[in-house]
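Please take a moment to look over the chain before reading on.

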Amino acid sequence: MSKSPIKSPATVRPSVLSLNINSRSALFSSYMPFLKRGGLFIPTTRVYSLGDEIFMLLSLMDDPVKLPIAGHVVWITPPGAQSNQTQGVGVHFGDDESGQSARRRIEMLLGAHLNSSRPTHSM
């Protein structure tokens with residue numbers, strides 16, 4: 001009698017999103033400074049769950065370098081949300097160097113705008 005090989009569950013790969021933010025105003029609207037490691041709101045119609053891992057390739061303004069950032073979904077704005085909010089997800093940056101480098105770069109670009117009371121995609 002032969003034994004059948006044990007199959008392990010498929011490894012779940014993180015979703016990969018490419019995001020291009022062309023203006024300071026769009027960056028301000030997407031940035032989530034209230035998260036400990038920073039994060040971004042990403043408009044998308046794809047369905048995600050809280051905790052899903054996402055890998056982003058982020059382009060900021062005129063910088064030709066794409067920032068690779070790993071993170072997790074911590075915010076979901078569903079379709080048809082109150083006040084016509086944009087559908088999408090908030091991604092909390094990872095605690096690794098790429099996530100923290102992105103946070104520093106974004107906060108440097110936003111400067112004094114970080115303290116603005118203008119509404120954003122998440123608050």
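Leu40 has Val91 of strand E5 as its bridge partner. Leu40 itself belongs to strand E2, and helices (H or I, at least four residues) and strands (E, at least two) are here DSSP runs, numbered from the N terminus. The model is a predicted one, in which local features need pLDDT of at least 70 and side-chain atom pairs count only at pLDDT 80 or more, while totals for chains, interfaces and linings use all residues. Residues are numbered from 1 along each chain as its sequence is written, and side-chain values use heavy atoms, with hydrogens and water left out.

Strand E2 (residues 39-43) and strand E5 (residues 88-93) pair in the antiparallel sense, over five bridges; two strands pair if DSSP finds at least two bridges between them. Strands of a sheet pair through backbone hydrogen bonds, in either a parallel or an antiparallel manner. Is Leu40 buried or exposed? With a relative accessible area of 0%, Leu40 is buried, where buried means under 20% relative accessible area, exposed over 50%, and partly exposed in between (1.4 Å probe, protein chains only). Strand E2 is largely enclosed by the rest of the structure, because four of its five residues are buried. Leu40 also lies 5.3 Å from Ser30, C-alpha to C-alpha, although 10 residues separate the two in sequence.

The wider arrangement may now be considered. The protein chain contains two helices and five strands, and from the N terminus on its elements run β-α-β-β-β-β-α. An open sheet of five strands has the order E1-E3-E4-E5-E2, with mixed pairing. Its edge strands are E1 and E2, each of which pairs on one side only. From one strand to the next, the twist averages 40°; axes are lines fitted to C-alpha atoms, for helices over the stretch in contact, and angles run from 0 to 180 degrees between N-to-C directions.

Within this sheet, E3 and E4 pair in the antiparallel sense over six bridges. Along this pairing, Phe55 stands opposite Ala70 in E4, and Met56 stands opposite Ile69 in E4. Helix H2 packs on the sheet and touches E2, E3, E4 and E5, its direction making about 80° with that of E4; contact means heavy atoms within 4.5 Å. E3 and E4 form a hairpin with six residues between them, and Met61 in the turn has a positive phi of about 50°. E4 is also paired with E5, in the antiparallel sense and over six bridges. There Val73 stands opposite Val91 in E5.

Ser59 counts as buried because its relative accessibility is 10%. Not counting residues up to four places away in sequence, Ser59 touches Leu19, Asn20, Ile21 and Lys66.

Helix H2 has 14 residues and reaches 20 Å from its first C-alpha to its last, close to the 20 Å expected at 1.5 Å a residue; the expected span is 1.5 Å times one less than the number of residues. Which residues of H2 are buried? They are Gly99, Gln100, Ala102, Ile106, Leu109 and Leu110. The buried residues of H2 pack against H1, E2, E3, E4 and E5. Just after H2, Gly111 takes a positive phi of about 50°.

In soluble globular proteins, nonpolar side chains tend to be buried together. Leu27 touches Ile21, Leu40, Leu60, Met61, Ile106, Leu109 and Leu110, not counting residues up to four places away in sequence.

Some totals for the chain complete the account. Of the 123 residues in the protein chain, 37% are buried. Among contacts with a separation of 6 or more, 64% are between residues 24 or more positions apart.
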